[in-house]
Amino acid sequence: MSTLERTRCRLHAHPTVLDAALATGVLVTMMASSFVDPHGGHGASWGARTPSALSLTLMVLGAAALVFRRRAPLPVLAATGALSVVELVASDPRTPVVMSAVVALYTVASATDRPTTWRVGLLTMTVLTACAMLAGPVPWYAQENLGIFAWTGMAAAAGDAVRSRRAFVHAIRERAERAERTREEEARRRVAEERLRIARDLHDVVAHHIALVNVQAGVAAHVMDKRPDQAKEALSHVREASRSALNELRATVGLLRQSGDPEAPTEPAPGLARLDELADTFRNAGLPVEVARADHGTTLPAAVDLAAYRVIQEALTNVQKHAGSEAKAEVSVVRVGPNVEVTVLDNGPGQDDGPEEGGGHGLLGMRERVGALGGTCSAGPRYGGGFRVHAILPVKTRTPALGDPA
């Protein structure tokens, strides 16, 4: 920071010092001008006249009032205007006491609004110009009288211009700050959405594979002594499910890597192309699953494809965990107009700890995942027994704007 900038900052931090310096400059200017005779034989001549004691007193009082111009602009204008009227009426020769009123009028115009500037400015111009024309020792059309009118008008205009520019700069700064806050809020919202999405993925992956591992481990423990071949097959399914879980966890957590990390996951996110593979994992765990597709080879956006896969995965996991050992599941994927409808049905009688309608973190996660894409998801008991999960996903998604209820 340069010396000039440091001085300017220091003066702005102490406005009274700046006003005192301005008042001193105005007093010196008025004093110097009071010794100049503008009507001399060879033009303006220095030292041709001497101000009276009254004029000197009025100049000192007018300059002193300017020290308080920021604290009370209207009272200071009234005081300097009254001193100027006294000078115009009672002094001969005149001295430029009106200069203090000009500075005070500029302060009022820069510190108040435009209507106040118009009213106060017209009143000040009219009173001072009228007093100068009607009560002075010079003709009413003298240049000095017209100068009072011009200087007061320019002071009001300059003050209004400064106030307008200050308001404009303040509006630009406020708009920039608001835009910055909006960007920060948008960034925080996107971070929260990303965290929620990753949490959903982790929940789906862990819940699905742990449920399968639990079922297969129970089968292996049950038949270990009498049917070792079947126990070996169950353990191989446990190994396969755990390996798949580790791969998906590695892919999901890999999204959290920074750009400078050595490697990132290259495996694509799961989608409906892996639906048969997903169904086979549940069939191997002892849950009969039937898959019916009528989406006519629709190519889905990556987010919709992943959401449909996760909804089916979570629904089948709930069937495996809560529907009972005799349950069967049916999965259907159908293209209906601009949407893809995913339905998972089961006929199980359920257990006491089964998912209730509207409850469960998995069901809540499904609704949030589908709702974030502009779709709908419902889950609840079926008429006649069993459970039904139904999701409607738009084939074409849109990016929600800031403040969008979606």
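Predicted model: local features only at pLDDT ≥ 70, side-chain atom pairs only at ≥ 80, totals over all residues.
**Entry 1: helix H2**

I began with H2, residues 15-34. Its 20 residues reach 28 Å from first C-alpha to last, close to the 28 Å expected at 1.5 Å a residue. Next I looked up which residues of H2 are buried. They are Asp 19, Ala 23, Val 26, Met 30 and Ser 34. Seen down the axis, the buried residues of H2 fall within an arc of 65 degrees, so they line one face of the helix. I noted the general background too. An α-helix has 3.6 residues a turn, so residues three or four places apart point the same way.

**Entry 2: helix H3**

H3 runs over residues 53-65 and has 13 residues. From its first C-alpha to its last it reaches 18 Å, close to the 18 Å expected at 1.5 Å a residue. I found Ser 55, Leu 58, Met 59, Gly 62, Ala 63 and Ala 65 buried in H3. They cover an arc of only 155 degrees around the axis, which puts them on the same side of H3. What covers the buried residues of H3? I found that the cover includes H2, helix H4 (73-90) and helix H5 (98-111).

**Entry 3: Ser 110**

I then picked a residue in H5, Ser 110. Is Ser 110 buried or exposed? It is buried, with a relative accessible area of 8%; the cut-off for buried is under 20%. Leaving aside neighbours within four places in sequence, I found Ser 110 in contact with Gly 159, Val 162, Arg 163 and Arg 166.

**Entry 4: the largest nonpolar core**

The largest nonpolar core has 36 residues. I looked up which of them touch the most other members. The list is Val 289, Ile 312, Leu 316, Val 331, Val 344, Val 389 and Leu 393. Helices H9 (275-284), H10 (302-322) and H11 (361-372) are among the elements that each supply at least two residues of this core. H10 gives the largest share, nine residues.

Beyond four places in sequence, Val 289 is in contact with Ala 279, Phe 282, Arg 283, Leu 316, Ala 329 and Val 331.

**Entry 5: H9 against H10**

I checked how H9 and H10 pack. Their angle is about 10 degrees, and their axes are 11 Å apart. That makes H9 roughly parallel to H10, since angles under 35 degrees count as roughly parallel. On the H9 side, Leu 275, Leu 278 and Phe 282 make the meeting. They meet Tyr 309, Ile 312, Gln 313, Leu 316, Thr 317 and Gln 320 in H10.

H10 itself has 21 residues and reaches 30 Å from first C-alpha to last, close to the 30 Å expected at 1.5 Å a residue. Of its 21 residues, 17 are buried, so H10 is largely enclosed by the rest of the structure. Just after H10, I noted that Gly 324 takes a positive phi of about 100 degrees.

**Entry 6: Asn 339**

My last stop was Asn 339, in strand S5. Asn 339 is partly exposed, with a relative accessible area of 24%. Not counting residues up to four places away in sequence, Asn 339 touches Val 334, Ile 392, Leu 393, Pro 394 and Val 395. I also looked up Lys 396, 57 residues from Asn 339 along the chain. The C-alpha atoms of the pair are separated by 8.1 Å.

Methods: Residues numbered from 1 in each chain as written. Heavy atoms only, no water. Helix = DSSP H or I, 4+ residues; strand = E, 2+ residues; numbered from the N terminus. Expected span 1.5 Å × (residues − 1). Buried < 20%, exposed > 50% of the residue type's maximum accessible area, 1.4 Å probe, protein only. Arc of directions from axis to C-beta. Core = buried A, V, L, I, M, F, W, Y, C linked by side-chain atoms within 4.5 Å. Contact = heavy atoms within 4.5 Å. Axes fitted to C-alpha atoms, helices over the stretch in contact; angles between N-to-C directions. Parallel < 35°, antiparallel > 145°, perpendicular 65-115°, else oblique.
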